[in-house]
Amino acid sequence: MEDNYAKDLLILVKNGSAWLLAEATHLLSRVPILNKTRLGFRISNMLDTISRALLTEEGSKYGLPLLLAIAYFIFPIDAIPDFIIPLGFMDDVAVLAGAARAAKGIIESAIKVE
């Protein structure tokens with residue numbers, strides 16, 4: 001029973017991450033200035049790092065916090081609403097950067113195990 005639960009959770013994390021990453025990428029594409037700046041490139045790299053971490057076995061254990069960080073980035077209503085420019089956007093980027101740093105650690109530990 002425990003093994004099936006873990007497999008089902010992994011499937012849900014992967015499916016949820018695909019949707020959230022697609023939404024985050026769509027959000028980046030809707031803000032033209034981000035497509036041409038270093039910040040936009042860094043955000044894209046953070047999303048990629050989180051995505052790669054979610055595909056590891058270790059990353060699936062931490063899938064929910066990583067997915068919540070992406071959701072925090074996507075949704076406009078959070079601790080500092082996105083319409084309060086630039087603070088609303090910067091807190092989203094800070095949460096995403098923290099998740100990307102954790103994801104990088106997950107990827108590095110997965111590489112060491114292999």
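In which helix is Leu87 found? Leu87 belongs to helix 6, and the views below place this residue and others in a predicted model.

**Figure 1. Overall fold of the predicted protein chain.** The secondary structure consists of 6 helices and 0 strands, where helices (H or I, at least four residues) and strands (E, at least two) are DSSP runs numbered from the N terminus. Of the 114 residues, 35% are buried; buried means under 20% relative accessible area, exposed over 50% and partly exposed in between (1.4 Å probe, protein chains only). Contacts are defined by heavy atoms within 4.5 Å. Among contacts between residues at least 6 apart in sequence, 60% join residues at least 24 apart. Residues are numbered from 1 along each chain as its sequence is written, and side-chain values use heavy atoms, with hydrogens and water left out. In this predicted model, local features need pLDDT of at least 70 and side-chain atom pairs count only at pLDDT 80 or more, whereas totals for chains, interfaces and linings use all residues.

**Figure 2. Confidence along the protein chain, given as pLDDT (the predictor's confidence in each residue, from 0 to 100).** The mean pLDDT is 82, and 84% of the residues reach 70 or more. Among the elements, helix 1 (residues 2-30) has the lowest mean, 70, and helix 6 (residues 87-113) the highest, 90. Where pLDDT is low, the predicted coordinates should not be read in detail.

**Figure 3. A nonpolar surface patch that includes Leu87.** Ile80, Phe83, Ile84 and Leu87 form the patch, with about 390 Å² of accessible area together. Accessible areas come from the Shrake-Rupley method with a 1.4 Å probe; for residues, only the protein chains shown count as cover. Patches are made of residues with over 30% relative accessible area and no salt bridge, like charges being joined within 9 Å and nonpolar side chains (Val, Leu, Ile, Met, Phe, Trp, Tyr) within 5 Å.

**Figure 4. The salt bridge between Arg52 and Asp48.** A salt bridge requires a side-chain nitrogen of Lys or Arg within 4 Å of a carboxyl oxygen of Asp or Glu. The closest N and O atoms of this pair are 3.3 Å apart. Because Arg52 and Asp48 lie 4 residues apart in helix 3 (residues 38-54), about one helical turn separates them. Arg52 is partly exposed at 42% relative accessible area, and Asp48 is partly exposed at 40%.

**Figure 5. Asp78, buried and without a salt bridge.** Asp78 is found in the loop between helix 5 (63-74) and helix 6. The nearest side chain of opposite charge, Arg30, is 12 Å away; Lys and Arg count as positive and Asp and Glu as negative, with His and the chain ends not counted. Not counting residues up to four places away in sequence, Asp78 touches Tyr72, Asp91 and Asp92.
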